[in-house]
Amino acid sequence: VKHGPADLAVFGGTPEFDSPLHVGRPNVPDPERVLKRIAGALESRRLTNFGPLVREFEQAVAEVAGTRHCVATSNATAALQVLVAALGLRGEVIVPSFTYVATAHVLTWAGITPVFCDIDPDTGNLDPAEARRLVTPATSGILGVHVWGRQCAVESLRELAGEHGLALLYDAAHAFGCGYRGRGIGTFGDGAVFSFHATKFVNAFEGGAIVTDDDALADRVRALHFFGFDSDNHVIGAGINAKMSEASGAMGLTSLEAMSTVRRINAEHAERYVAELADVPGILVGTPGPNEWNSHHFVVLEVDADEAGLDRNRLAAALLAENVLTRRHFDPPCHRVEPYRSAPDRHVRRPLTRTDLVAGRIMQLPTGTGVTGDEVGRICRLIRMLVEAAPLL
Ligand code: T4K
């Protein structure tokens, strides 16, 4: 137990935790059930190419997403590549810089210019008014990102896309199991993409999915994620291989079965962080807005250095010394990494001041089934103590 600043690890005290606490520690659902499903796949020798596990996974994902169609993929990056190709995007696409680099890189790989748009600092999502100012005759689409599973300004973006005849797609890598106004988040836009990477709410080791309500788009996506082969075995376009394997299907299905338990644990952790840090100056724990349904997979802390007396980086370093490994997604934002920062004029049409501000202030804290409520309480006490000790740090 730490009694005062001298006990903090940054001042030579013993670290609070013996072993590191991670952000993104996978939720491992029911190992026996995963292995049983994999054994079944081995037994039947159906290992990939639309086996029964992947089919079942696709149906279950569509149900949670609230969409008519789901195509499971090897990861979300490949899913975005397929969706971008299926929608025929070209020229310029408006996208936030405050996202994982995968979102921007997918456009670059397709020969499209990502034009970075600033965000609403309250949600971390695309600012539709700013997006409107970025539309040019070369714009073919808007790619929004539902950061932390909080939905973009879906109504305004739909209006904007409709006015200019633009495709509207969403990177919902963070947002599986989330929703807004009673609708699954996958139902917004022409199509959306989920990630089932190991570090996500529901995981398939590696995995992703494309969801849509558009029958023709679904057919095209299905073909393009399988070298371009349609259901009649004709090649309809330049597809790639983005299929999900049965081993991933086994993990994904089992992880889906544990979803409500994981959501409950996440929600408890999130509530505890919010309650215990509520009166710590300069420390704000993000919460979903009204009408939002969230998986609480991310606990996002915003540090106001003026009020807290220390900035995000110093707080993160002091927590690291205590064996609390926070993450800083998304810092640096996309426009500050290659290849975008070397060619800012192509990608950054207006200053991204709110993106830079938010990126410099946020950090994610450990949550999920990899940490206990007691550990969350100890992390909160550490943060409180570090803010109190800020003048000494
Ligand atoms: N769009 C957005 C908005 C995204 O955030 C992402 C991915 C994508 C698209 C692309 O989705 P995918 O193509 O990946 O499906 C992670 C993930 O690698 C990445 O999927 C994710 N976003 C990104 C936000 O976070 P890191 O750098 O945090 O992961 P890593 O490997 O450092 O792991 C975090 C912590 O978890 C570590 O402390 C170790 C622990 N860990 C990790 C893995 C993978 C484990 O204990 N076991 C594990 O198996 O990137």
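**Domains.** I looked up the spacing of the two domains in this predicted model: the C-alpha centres of domain 1 and domain 2 lie 25 Å apart. The chain is assigned as domain 1 (31-257) and domain 2 (259-392), with bounds from an automatic or database domain assignment. I noted that residues are numbered from 1 along each chain as its sequence is written. Local features need pLDDT of at least 70 and side-chain atom pairs count only at pLDDT 80 or more, while totals for chains, interfaces and linings use all residues.

**Domain contact.** I then took the contact between them, which involves 30 residues from domain 1 and 34 residues from domain 2; two residues are in contact if their C-beta atoms, placed from the backbone, lie within 7 Å. On the domain 1 side, helix 4, strand 3 (113-117) and strand 8 (179-180) each give two or more residues. Helices (H or I, at least four residues) and strands (E, at least two) are DSSP runs, numbered from the N terminus. Strand 3 has the largest share of that side, four residues. By class I recorded 17 nonpolar, 10 polar and three charged residues there. Ala, Val, Leu, Ile, Met, Phe, Trp, Tyr, Cys and Pro count as nonpolar, Asp, Glu, Lys and Arg as charged, and the others, Gly among them, as polar.

**Ligand.** I listed 24 residues around the ligand, the closest being G24, A76, Y100, A173 and S195; a residue is near if its C-beta atom, placed from the backbone, lies within 6 Å. Helix 3 and helix 4 (101-109) give two or more residues to this shell. The shell has nine nonpolar, 12 polar and three charged residues.

**Core.** The largest nonpolar core has 120 residues, and A79, V82, L83, I142, V193 and A209 touch the most other members. Such a core is a set of buried Ala, Val, Leu, Ile, Met, Phe, Trp, Tyr and Cys residues joined through C-beta atoms within 7 Å. Helix 3 gives the largest share, nine residues. I checked V82: beyond four places in sequence, its contacts are T73, I210, V221, L224, H225, I240 and A242.

**Helix 7.** In helix 7 (residues 215-224) I found A218, R220, V221, R222, A223 and L224 buried. These buried residues pack against strand 1 (69-73), helix 3 (76-86) and strand 11 (208-212).

**A250.** This residue lies in helix 8 (residues 246-257). A250 counts as buried because it has 26 C-beta neighbours inside 10 Å; the cut-off for buried is 20 or more other C-beta atoms within 10 Å, with 12 or fewer for exposed and partly exposed in between. Beyond four places in sequence, A250 touches V34, R37, I38, A41 and L53.
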